[in-house]
Amino acid sequence: MKNLNESTKIELWTATALIIFVFIFSAIQAVNIHSTFPQPIPYEPNFWVNMLFRHIISATCYFLLALFVKPELQKKDTNPSNAIFFVYTLIQVCAFTNLIDHYLLILLSVKMIANYFSRELQNKKNRFHSDITVLFAISIFLQACSLLLNNPIIIRASFFFILPIAIANYAILVFAVIPNLIDKKYRLLKFSGYSFLTTILSLGILVFLFSIFDSIENSDILGPLMGINPAIQLFIVPIFAWNVYKSRNRKNIEEITSLKTELGKSDATLNFLKSQINPHFLFNALNTLYGTALQENAERTGEGIQKLGDMMRFMLQENVEDKISLSRDVEYLNNYIALQKLRTSASSDITIETQIDEQLNDFQITPMLLIPFVENAFKHGISLKYPSHIKITLQTHENKLFFDVHNSTHPKLDNDPEKLKSGIGLQNVKQRLALLYPNSHELIIRENAKEFFVHLTLQLTNNH
């Protein structure tokens, strides 16, 4: 015990003292019960040997739980030893054969519960062993209480025979059967078939256990047990196991989705950083051009340069945020459209209509989520050879954003490198919407020979 920490030493000494106390209490109780016999049982040759042996078994089981099972469940990144189940089987067999005192069974169950709560929570590899630990602790506790309370024999037999089978059935279902069926066709039908087969098998196991460990003095209860067992193994255990697995799987899916979202944000940030080319130089160059345009009275050129500078400032400062105000994103959108109007204003065959409401609210939105649709409209909807039109509307009502983009389409030449390409960033924005706004957006994209149409409905959040 030199290598044990002080808390473990205190625990083991305390457990030893409790076992000795139970030994003395059991001996006194036996003397009182049999004091009227001519030859009291405590004075029979084998009485003290049997009682001492039973308490040594109890102490051994406790020491195994404290010195072996607990450290195994506290491993940080490796699988616990399957020898844990041998310890549990030993305790159950001793309970079957009445080799452990009822009070000490309760002590062992409490120790198993303590082991469960002290396990390493970050190690997912111990989930199977942890489940069995807490279920087996409950089973042992119920067995001991049923004996101490002298429950009807059918209840005691159910706890001693049916409950351990149900735990084994649960473990096989959750950790072996359901994971192999969850993604297959007719999984519910196959799952029901397996449950039916395990129920038949459990009846055979029940008969076998009852014939070996019939320490309960009434053999007439086998029939009622055979009637209770199918209801538990065929309905209660499979339903419980299925719900447990689905609940855990839902948590795993949420964790994976969260990781994908963070990965998507990291990729977007990395790509954005790669695209930055000495921003201070670009700002200085734009300021120089803006000053030159004003000196030459080129007001439209100066206006364009100013809007381009605002857009670049947005890209560098706010595009890296998770959420920004909707008003700032709309401002960027308006600047982009204004620049495009400057480029296309010389042509009378190009019509650009916008109906973008001013946003005086505190709604938040992921930056650069709307602009790909507008970029796509100007890239594929404007032609200097054919009449072209673009119409963009953006409105908010309550906490929803309604965004529509209509643009003309034109036939592409065979040598046009863009002919086989889809719209700018449309695939990317679809993925971002799926990751960042799951179940809170609706995206409709339609295309015919003359027009391309996008409708986006987005549920927004407030800045609170």
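Biologist: In which helix is confidence lowest, and in which strand is it highest?

Modeller: This is a predicted model, so confidence comes first. Confidence in the chain is lowest in helix H9, residues 279-295, with a mean of 60. Strand E5, residues 400-408, has the highest, at 95. Over residues 273-278 the pLDDT is below 50. Beyond near neighbours in sequence, that stretch has two contacts in the model. For the chain, the mean pLDDT is 81, and 80% of residues reach 70 or more.

Next, strand E4. It covers residues 388-397 and holds Thr 393. Thr 393 has a relative accessible area of 15%. Buried means under 20%, so Thr 393 counts as buried. Leaving out residues up to four places away in sequence, Thr 393 touches Gln 355, Phe 402, Phe 403 and Asp 404.

Helix H11 runs over residues 326-344. Its 19 residues reach 27 Å from first C-alpha to last, close to the 27 Å expected at 1.5 Å a residue. Buried residues in H11 include Leu 326, Val 330, Leu 333 and Ile 337. An α-helix has 3.6 residues a turn, so residues three or four places apart point the same way.

Last, the surface. Phe 21, Phe 25, Tyr 103, Leu 148 and Leu 149 form a nonpolar patch there. Together they have about 520 Å² of accessible area. Leu 148 lies in helix H5, residues 127-148. Its relative accessibility is 35%, so Leu 148 counts as partly exposed.

Key. Residues are numbered from 1 along each chain as its sequence is written. This is a predicted model: local features need pLDDT of at least 70, side-chain atom pairs count only at pLDDT 80 or more; totals for chains, interfaces and linings use all residues. Side-chain values use heavy atoms; hydrogens and water are left out. Patches are made of residues with over 30% relative accessible area and no salt bridge: like charges are joined within 9 Å, nonpolar side chains (Val, Leu, Ile, Met, Phe, Trp, Tyr) within 5 Å. Accessible areas come from the Shrake-Rupley method with a 1.4 Å probe; for residues, only the protein chains shown count as cover. A salt bridge is a side-chain nitrogen of Lys or Arg within 4 Å of a carboxyl oxygen of Asp or Glu. Helices (H or I, at least four residues) and strands (E, at least two) are DSSP runs, numbered from the N terminus. Buried means under 20% relative accessible area, exposed over 50%, partly exposed in between (1.4 Å probe, protein chains only). The expected span of a helix is 1.5 Å times one less than its number of residues. Contact means heavy atoms within 4.5 Å. pLDDT is the predictor's confidence in each residue, from 0 to 100.
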